[in-house]
Amino acid sequence: MKICLMGSAPSSVALAPFGDPTWQIWGCSPGLYPSCPRVDAWFEMHRWEPPVVGKPNLQVPWFSPEYVAWMAQQKKVWMYAAVPEIPNSDAYPVAEMEHKFGTFFWTSSLAWMAAMAIDQILADRERVAAARRDAIANGCSDWEPEQDQIAFFGVDMAANEEY
């Protein structure tokens, strides 16, 4: 399994493997969505503060109407809690990930994304191991497992402030 975790830092966004279908592309950040040609999963872990039409003083910069509309069209959006405005949103399994990985390193969306990527790779390895056992039991001895990879693109971690 190959999972590309995307931030919005322009230094490496264009280097991501968008054209390689063997990679899953997982993204986050309202700064990334306009330049992301494909995404398999989106992560919006910030507190849900959607735009209020007609009240620009209540608008937070990371939840523009365009960004919310774009998220509503994605096939999978992981959020702290699912919201009706994003039909394919799901609640991120916070308690499960904290149980597996502890509670110390949850400092950014990319930390949540990396935990889920590791968890999915480990689950996939269990599935592959079972398939390999079945293949060997049926006389297939040339089974080669895929090399798992997690890559970070568009990640500089250079923010000057956080809410």
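Does Pro-37 count as buried or exposed, and at what relative accessibility? At 60% relative accessibility, Pro-37 counts as exposed. Pro-37 is placed in the loop between β2 and β3. Computed along the chain, Pro-37 and Gly-19 are 18 residues apart, and their C-alpha atoms are 8.9 Å apart in space.The model under discussion is predicted.

## Overall architecture

The chain contains three helices and six strands. Read from the N terminus, these elements follow the order β-β-β-α-β-β-α-α-β. Along the principal axes, the C-alpha atoms fill a box of roughly 65 × 35 × 30 Å. The chain has 163 residues, of which 39% count as buried. Among contacts between residues at least 6 apart in sequence, 46% join residues at least 24 apart.

## Aromatic pairs

A pair of aromatic rings is described by the distance of the centres and the angle of the planes. The chain has twelve aromatic pairs. In one of them, the ring centres of Tyr-33 and Tyr-67 are 5.2 Å apart and the planes stand at 35 degrees, so the pair is tilted. The two residues come from distant parts of the chain, 34 residues apart: Tyr-33 belongs to the loop between β2 (23-28) and β3 (41-44), and Tyr-67 to helix α1 (residues 65-72). Both Tyr-33 and Tyr-67 are buried.

Tyr-92 and Trp-112 form another aromatic pair, with 5.2 Å from centre to centre and 75 degrees between the planes. What is the geometry of this pair called? The pair of Tyr-92 and Trp-112 is edge-to-face. Tyr-92 is in the loop between β5 (89-91) and α2 (94-101), while Trp-112 is in helix α3 (residues 109-137), so the pair ties together parts that are 20 residues apart in sequence. Tyr-92 and Trp-112 are both buried.

Ring pairs also join residues into a cluster, whose members are Trp-26, Phe-43, Trp-78, Tyr-92, Trp-106 and Trp-112.

## Packing of α2 and α3

Two packed helices are described by the angle between their axes and the distance between the axes. The axes of α2 and α3 come within 11 Å and cross at roughly 75 degrees. At that angle α2 is roughly perpendicular to α3. On the α2 side, the contact is made by Val-94, Glu-96, Met-97, Glu-98, Lys-100 and Phe-101. On the α3 side, Trp-112, Ala-115, Met-116, Ile-118 and Asp-119 take part. How many residues of the contact of α2 with α3 are nonpolar, polar and charged? Seven are nonpolar, four are charged and none is polar.

## Individual positions

The table gives the relative accessibility of selected residues.

| Residue | Relative accessibility | Class |
|---|---|---|
| Ser-12 | 15% | buried |
| Leu-15 | 62% | exposed |
| Ser-29 | 18% | buried |
| Ile-121 | 6% | buried |

Ser-12 is located in the loop between β1 (2-6) and β2. When neighbours within four places in sequence are left aside, Ser-12 is in contact with Phe-153, Gly-154 and Val-155.

Leu-15 also lies in the loop between β1 and β2. From C-alpha to C-alpha, Leu-15 and Pro-87 are 30 Å apart in space, with a sequence separation of 72 residues.

Ser-29 is placed in the loop between β2 and β3. Phi of Ser-29 is near 95 degrees, which is a positive value in a residue other than glycine.

Ile-121 belongs to helix α3. Which residues are in contact with Ile-121 when its neighbours within four places in sequence are left aside? These are Met-1, Ile-3, Asp-148, Gln-149 and Ile-150. Ile-121 and Thr-107 are 14 residues apart in sequence, and their C-alpha atoms are 22 Å apart in space.

Conventions
Residues numbered from 1 in each chain as written. Predicted model: local features only at pLDDT ≥ 70, side-chain atom pairs only at ≥ 80, totals over all residues. Heavy atoms only, no water. Phe/Tyr/Trp six-rings, centres within 6.5 Å; stacked < 30°, edge-to-face > 60°. Helix = DSSP H or I, 4+ residues; strand = E, 2+ residues; numbered from the N terminus. Buried < 20%, exposed > 50% of the residue type's maximum accessible area, 1.4 Å probe, protein only. Axes fitted to C-alpha atoms, helices over the stretch in contact; angles between N-to-C directions. Parallel < 35°, antiparallel > 145°, perpendicular 65-115°, else oblique. Contact = heavy atoms within 4.5 Å. Nonpolar A, V, L, I, M, F, W, Y, C, P; charged D, E, K, R; others polar.
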